[in-house]
Amino acid sequence: MAVINDNYLKLPGSYLFAEIARRVNTFKNENPNANVIRLGIGDVTRPLPQAIIESMHKAVDEMGNEATFRGYGPEQGYNFLIQKIIEFDYSPRGIKLDEDEIFVSDGSKSDTANIQEIFGLDNIIAVTDPVYPVYVDSNVMAGRTGELGTDGKWSKITYIPCTAGNNFIPELPKNKVDLIYLCFPNNPTGMTISKEELKKWVDYAKANKSIILYDAAYEAYIQEDHVPHSIYEIEGAKEVAIEFRSFSKNAGFTGTRCAFTVVPKEVMAYTANGEAYPLNKLWNRRQTTKFNGVPYIIQRGAEAVYSEAGQKQIKAMVDYYMANAKIIREGIASTGIQVFGGVNAPYIWLKTPNGLDSWAFFDKLLNEAHLVGTPGVGFGPSGEGYFRLTAFGNRENTEEAVNRFKTRLKL
Ligand code: PLP
């Protein structure tokens with residue numbers, strides 16, 4: 001008899017987006033002429049930049065020619081891309097990385113979900129709350145999280161609340177934790193962390209022999225000089241941190257799929273008898289066994305992100321979304337609603353007015369302004385009373401949405 005991994009049955013299901021779809025459909029059936037604008041999606045909308053398209057076209061032609069055809073590539077990614085990543089993303093910030101410390105992949109979603117496989121099941125994990133759900137769910141599937149309580153929390157996860165009350169700065173846990181997921185700029189709050197605050201986490205990890213899993217998928221959206229782009233800007237971080245980066249949000253690769261994960265050779269975890277073991281070696285083993293590399297054509301597209309034209313074009317794209325973010329942030333703030341994020345991230349996190357819970361505000365926004373966003377509680381218990389909007393729409397819809405916020409919403 002084949003037995004299932006019954007940890008999967010513990011997962012509550014993708015209630016959030018299913019419930020949003022259900023409510024929007026009901027509304028549309030009752031109001032067939034309403035023009036509903038969605039500011040809820042975390043997906044980009046601008047087309048791929050020209051430099052990337054040209055590079056991929058060229059690679060397609062190479063694949064059709066016997067002399068330049070490529071079959072399986074290195075599981076860790078082609079050197080031409082890895083060298084550019086080091087040269088552009090790390091060296092200018094004084095971070096020295098070797099080529100075999102970078103692992104090119106098909107996405108930060110897969111990498112942040114898969115990384116837990118190289119750690120034992122007894123590790124205590126910590127997540128900021130609210131949180132990108134992949135970190136939690138992948139640990140549920142592995143059987144590391146205990147049971148789900150009526151408060152929406154898993155019994156063996158340490159939740160680190162990030163709310164307006166602590167200015168969205170995660171505080172060090174009182175209990176000892178082993179694996180710490182941090183994401184900055186943050187999805188969903190759109191907030192960042194200073195070098196001083198991040199250093200506290202690096203110091204904690206060093207003192208407790210913990211590992212920080214640092215998701216920097218939104219790094220390209222950082223506008224302010226003092227905000228760290230990489231955890232490796234913090235002294236000592238190479239000993240305790242793995243960093244995830246993606247081309248999804250900086251270059252429009254959500255449907256094209258390319259990302260990378262940095263696992264420095266210094267970063268160690270421990271065997272049952274306390275011997276230090278390099279995680280780089282384990283992740284390499286995992287990837288070479290379970291992953292066969294990102295397509296050559298896609299990696300050539302990602303390489304073009306670093307060309308002179310590519311750099312200009314991706315900056316224009318990020319600027320476009322950040323102009324949307326400013327429109328949303330300032331427009332909504334002018335109604336008296338408290339807004340957070342949207343300065344170094346494409347997400348705007350607002351405090352629901354008049355003490356409404358996240359879903360009540362969702363219904364109000366849909367009914368009064370025909371706008372769809374994401375209820376904050378869907379990202380974790382500390383998201384209750386908050387609401388997420390994204391800057392990934394087009395300009396016209398963004399402006400119209402803000403106009404409706406100002407004129408139609410009864411506050
Ligand atoms: N990490 C965070 C925090 C995200 O919000 C997302 C996507 O929304 C991802 C990772 C996924 O990135 P990718 O498209 O590279 O899988």
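This is a predicted model: local features need pLDDT of at least 70, side-chain atom pairs count only at pLDDT 80 or more; totals for chains, interfaces and linings use all residues.
Helix 4 (108–114) and helix 7 (248–251) each contribute at least two residues to the shell around the ligand. The shell counts 14 residues, of which Asp-215, Tyr-218, Ser-246, Ser-248 and Lys-249 come nearest to the ligand. Sorted by class, the shell is made up of five nonpolar, five polar and four charged residues.

A polar backbone atom of Ser-108 is 2.8 Å from an oxygen atom of the ligand. For Lys-109, a polar backbone atom is likewise 2.8 Å from a ligand oxygen. With Tyr-218 the side chain is involved: one of its N or O atoms is 2.6 Å from an oxygen atom of the ligand. On its own the ligand has 400 Å² of accessible area, and the protein covers 91% of that.

The structure holds 25 aromatic pairs. One of them is formed by Tyr-78 and Phe-80, whose rings are stacked, with 5.2 Å from centre to centre and 10 degrees between the planes. Tyr-78 and Phe-80 are both buried. Another pair joins Phe-247 and Phe-260: the ring centres are 5.8 Å apart and the planes stand at 55 degrees, so this pair is tilted. Phe-247 sits in the loop between strand 7 (241–246) and helix 7, while Phe-260 belongs to strand 8 (residues 259–262), so the pair ties together parts that are 13 residues apart in sequence. Phe-247 and Phe-260 are buried as well. These two rings also belong to one aromatic cluster, which is formed by Phe-88, Tyr-90, Phe-247, Phe-253, Phe-260 and Tyr-306.

Gly-77 is located in the loop between helix 2 (50–63) and helix 3 (79–90). Its relative accessibility is 4%, so Gly-77 counts as buried. Eleven residues along the chain separate Gly-77 from Phe-88, and their C-alpha atoms are 17 Å apart.

Asn-139 is part of helix 5 (residues 133–142). Is Asn-139 buried or exposed? Its relative accessible area is 0%, so Asn-139 is buried. The side chain of Asn-139 makes a polar contact with the side chain of Arg-144, at 2.5 Å.

The last topic is the cysteines. How many disulfides does a search of the whole structure find? The search finds zero. A disulfide is a covalent bond between the sulfur atoms of two cysteines, and the cut-off applied to a pair of sulfur atoms is 2.5 Å.

Methods
Residues are numbered from 1 along each chain as its sequence is written. Side-chain values use heavy atoms; hydrogens and water are left out. A residue is near a molecule or strand if one of its heavy atoms lies within 4 Å of it. A polar contact is a pair of N or O atoms within 3.5 Å; within protein, one must be able to donate a hydrogen and the other to accept it, and residues adjacent in sequence count only if both atoms are side-chain atoms. Accessible areas come from the Shrake-Rupley method with a 1.4 Å probe; for residues, only the protein chains shown count as cover. Helices (H or I, at least four residues) and strands (E, at least two) are DSSP runs, numbered from the N terminus. Ala, Val, Leu, Ile, Met, Phe, Trp, Tyr, Cys and Pro count as nonpolar, Asp, Glu, Lys and Arg as charged, and the others, Gly among them, as polar. Rings of Phe, Tyr and Trp (its six-membered ring) pair if their centres lie within 6.5 Å; planes under 30 degrees apart count as stacked, over 60 as edge-to-face and the rest as tilted. Buried means under 20% relative accessible area, exposed over 50%, partly exposed in between (1.4 Å probe, protein chains only).
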